[in-house]
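Student: I have a structure open beside its sequence, and I would like to go through it carefully with you. Could we take it one question at a time?

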Amino acid sequence: YRDTEDYWDRASAKHILHDITVPTLVLNAKNDPFLPPQYLPKSAAACVKLEYPDEGGHVGFPTGAPPGEMSWLPQRMLHFLEGK
């Protein structure tokens, strides 16, 4: 990679988000230390829901004091599958 910008551009799935044809949920916390929010895709196919919660870190979306409660992510996925 030439630089950070080149990495985030070439390593991103944002280039294919408009080609998706099945309902898809994209979740990424804005406070993810490995993926700065300015690199999160702004648009996708109509069937793709882009969701960027403020909190959640890099893995699992824990809530509350460390080590955190881990129920948010499974609940969010179930709601998505139920069409909510």
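This is a predicted model: local features need pLDDT of at least 70, side-chain atom pairs count only at pLDDT 80 or more; totals for chains, interfaces and linings use all residues.

Student: In which element is confidence lowest, and in which is it highest?

Tutor: Taken over the protein, the mean pLDDT is 91, and 100% of the residues reach 70 or more. Within that picture, strand 2, residues 48–51, has the highest confidence, at a mean of 97, while the lowest, at a mean of 87, belongs to helix 1, residues 4–10.

Student: What percentage of the residues of the protein count as buried?

Tutor: For a sense of the dimensions, the C-alpha atoms fill a box of roughly 40 × 30 × 15 Å along the principal axes. The protein exposes about 5900 Å², and carbon and sulfur atoms supply 59% of that area. A residue counts as buried when its relative accessible area is under 20%, and of the 84 residues the share that does so is 27%.

Student: Which residues make up the largest nonpolar core?

Tutor: In soluble globular proteins, nonpolar side chains tend to be buried together. Here, Leu 35 touches Trp 8, Asn 28 and Leu 40, when residues up to four places away in sequence are not counted. The largest nonpolar core has 5 residues, namely Trp 8, Leu 35, Tyr 39, Leu 40 and Tyr 52.

Student: Is Tyr 7 buried, partly exposed or exposed?

Tutor: Tyr 7 lies in helix 1, and its C-alpha atom is 10 Å from that of Tyr 39, a residue 32 positions away in sequence. The relative accessible area of Tyr 7 is 34%. Because buried means under 20% and exposed means over 50%, Tyr 7 is classed as partly exposed.

Student: Which residues does Tyr 1 contact, leaving aside its neighbours within four places in sequence?

Tutor: Tyr 1 lies in the segment before helix 1 and is exposed, with a relative accessible area of 60%. Tyr 1 and Ala 11 are 10 residues apart in sequence, and their C-alpha atoms are 9.7 Å apart in space. Even though it is exposed, Tyr 1 is in contact with Asp 6, Tyr 7, Arg 10 and Ala 11.

Student: Which residues does Leu 50 touch, not counting residues up to four places away in sequence?

Tutor: The place of Leu 50 is in strand 2, and this residue is partly exposed, with a relative accessible area of 23%. Its C-alpha atom is separated by 17 Å from that of Trp 72, which is 22 residues away along the chain. The residues that Leu 50 touches are Leu 17, Val 26, Pro 41, Lys 42, Ser 43 and Ala 44.

Student: Is Phe 61 buried or exposed?

Tutor: Phe 61 lies in the loop between strand 2 and helix 2, and it has a positive phi of about 55° although it is not a glycine. Its relative accessibility is 10%. Because the cut-off for a buried residue is under 20%, Phe 61 counts as buried.

Student: How far apart are the C-alpha atoms of Gly 83 and Pro 23?

Tutor: Gly 83 is found in the segment after helix 2, which spans 72–81, and it is exposed, with a relative accessible area of 65%. Gly 83 and Pro 23 are 60 residues apart along the chain, and their C-alpha atoms are separated by 9.4 Å.

Student: How far apart do the centres of the positive and negative side chains lie?

Tutor: The protein has 8 positive and 11 negative side chains. The centres of these two sets lie apart by 4 Å.

Note on methods
Residues are numbered from 1 along each chain as its sequence is written. Side-chain values use heavy atoms; hydrogens and water are left out. A nonpolar core is a set of buried Ala, Val, Leu, Ile, Met, Phe, Trp, Tyr and Cys residues joined through side-chain atoms within 4.5 Å. Buried means under 20% relative accessible area, exposed over 50%, partly exposed in between (1.4 Å probe, protein chains only). Contact means heavy atoms within 4.5 Å. Accessible areas come from the Shrake-Rupley method with a 1.4 Å probe; for residues, only the protein chains shown count as cover. Lys and Arg count as positive and Asp and Glu as negative; His and the chain ends are not counted. The place of a charge is taken as NZ of Lys, CZ of Arg, CG of Asp or CD of Glu. Helices (H or I, at least four residues) and strands (E, at least two) are DSSP runs, numbered from the N terminus. pLDDT is the predictor's confidence in each residue, from 0 to 100.
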